[in-house]
Amino acid sequence: MAGRFDLVLRGGRIVDPANQVDEVGDLGFRHGKVAAVRERIADSQVDDIIDVTGRVVIPGHIDSHAHFSSPSDHNIDGSLGHVMLAESGTTTALDLAGEPSALARGMVARGSGMNVAGLLLLVPNKNVKEDDPSIPTMRDTVADALERGAIGVKLLGASTPFTPEATSNVISAANEQLAWVAFHVGTKETGSDLNGLREVPEITGSGRLHIAHVNSYCRGFVLDNVAECREALDIIASKRGQFVTEAYLAQANGTSGLCDEEGNVVSGVPQNCLKARGYPPTDAGMRQALLDGYGSALVESGGRVILVTGKEAVRVWERASTNAALSFPVNPASSAFILATEKYDDGEFRIDAVSTDGGSYPRNVAIERTMALVSFGALSLSEAVVKLSVNPAQMIGLLNKGHFSVGADGDVTIVDSANGKAVMSLVNGVPIMINGRAVGKGGTWIVTSQGEKAAQKSGLAYEILDLSGSKLYSGW
């Protein structure tokens, strides 16, 4: 009958900062959309009721930096991240370094019901024909990425850097087409640290850019990590309105153990990790760091990815001919605290969102660590929801998410206030995770209008995203 609700979440604490709601009540859904927020919805109007008394009900967590389609020469299947991230309570995610067709295949095979958009990872002399590409070359590369179903491109300065000039060309070409462009900082002249971040304003010019995981440049490799945080925030403030940003709260990073034929560690990130604890940046240093338990290797176990150390980690690394996914505990808690909580004088957060940089990396702790900051008193519950849901929705331009307005998408994360962990999540009014276990399948592929044909061909449900509505391109 008209006016009935397909589902009601009953009796939870509904926290919706966008609508200034923080109250105990019922949240009703009809046809996958929010239909009502009321103190009580009559049982006679409801087809199904889920009692969430004592739980916190927030708009679904949107992860603005995750990983599902790792390069094919890595030793883990990135598509395992769909289930892993869903089990942490996330409902929407941006795959920040992969390949569109691999993302789609992973959603079909291992999807967990989430909404997922993806960026094409740019690699010189592989999917970018030139080592120092011109703007015309990059225009073609970006256009091709959009047609294949990516919403934009990612620069990985840590291991596949371009020159500063070519990096600027990538940003310009993406901006011209209103394509997303994210940067794990570092060029051929700098590293993936504060020095890499220092050159970003000049490289960007008057353009727009997503600076990935700001915490990664505040590990104390150049200055004291707190001083690095302060300088990073100042750099971002100098281009306020041009950058969108996120930072993650896990101590563990993610990197590669790849060494060259001479036995030298290839990428700047693992080099820094080893040097920080006095290990040489060589295969011998890497082996010892793994044996000592400082470094960990990623392995698949039970359809999830876990960390192993010691001799087992060395075996994983050697079996992969050193090109194994590794992790080091190099993200200081003080940096995480500063970047999660600092605000401008007008009350806006200096770093837009809390991300995971997880998915297939086992550090999907955005929700529980942000809720820990609430318990500590560093954030209010409403502010936590802004970091987890409201701001990332606005960043990406997912304007029907991040709030419980009538007609909004029925994406919800339900949190146990006692431990801060998500216990249930819904996408379009349908549960995709219950009691920490993924129950959803497939998912919705978020593409631009240029990628609609690729999405149709995949057989997945899809959504067209207009990035002109994103914070990245607001007023562009």
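Modeller: Leaving aside residues up to four places away in sequence, lysine 239 touches Pro201 and Gly205. The model is a predicted one, and the description below should be read with that in mind. Lysine 239 sits in the loop between H7 and E12. Lysine 239 is buried, yet it has no salt bridge. The nearest side chain of opposite charge belongs to glutamate 202, and it is 9.6 Å away. A salt bridge would need a side-chain nitrogen of Lys or Arg within 4 Å of a carboxyl oxygen of Asp or Glu.

Glutamate 202 leads on to the surface. There, a patch of negative charge is formed by Glu130, Asp132, Glu165, Glu189 and Glu202. One of these, glutamate 130, lies in the loop between strand E8 (112–122) and helix H3 (135–147).

Helix H7 (225–238) and strand E12 (243–248) are among the elements against which the buried residues of H11 pack. Helix H12 (366–376) and helix H13 (381–396) belong to that list as well. H11 itself covers residues 333–341, and its buried residues are Ser335, Ala336, Ile338, Leu339, Ala340 and Thr341.

Most residues other than glycine have a negative phi. Serine 321 is not a glycine, but its phi is positive, at about 55 degrees. Its place is the loop between helix H10 (310–319) and strand E16 (325–327). Serine 321 has a relative accessibility of 56%, so it counts as exposed. Aspartate 357 is not a glycine either, and its phi is also positive, at about 50 degrees. This aspartate is in the loop between strand E17 (353–355) and strand E18 (358–359). With a relative accessible area of 6%, aspartate 357 is therefore buried.

Arginine 304 lies in strand E15, which runs over residues 304–308. Arginine 304 is buried because its relative accessible area is 18%, and the limit for buried is under 20%. Not counting residues up to four places away in sequence, arginine 304 touches Leu80, Val83, Met84, Glu87, Val299 and Arg437.

Conventions: Residues are numbered from 1 along each chain as its sequence is written. This is a predicted model: local features need pLDDT of at least 70, side-chain atom pairs count only at pLDDT 80 or more; totals for chains, interfaces and linings use all residues. Side-chain values use heavy atoms; hydrogens and water are left out. Helices (H or I, at least four residues) and strands (E, at least two) are DSSP runs, numbered from the N terminus. Buried means under 20% relative accessible area, exposed over 50%, partly exposed in between (1.4 Å probe, protein chains only). Contact means heavy atoms within 4.5 Å. Patches are made of residues with over 30% relative accessible area and no salt bridge: like charges are joined within 9 Å, nonpolar side chains (Val, Leu, Ile, Met, Phe, Trp, Tyr) within 5 Å. Accessible areas come from the Shrake-Rupley method with a 1.4 Å probe; for residues, only the protein chains shown count as cover. Lys and Arg count as positive and Asp and Glu as negative; His and the chain ends are not counted. The place of a charge is taken as NZ of Lys, CZ of Arg, CG of Asp or CD of Glu.
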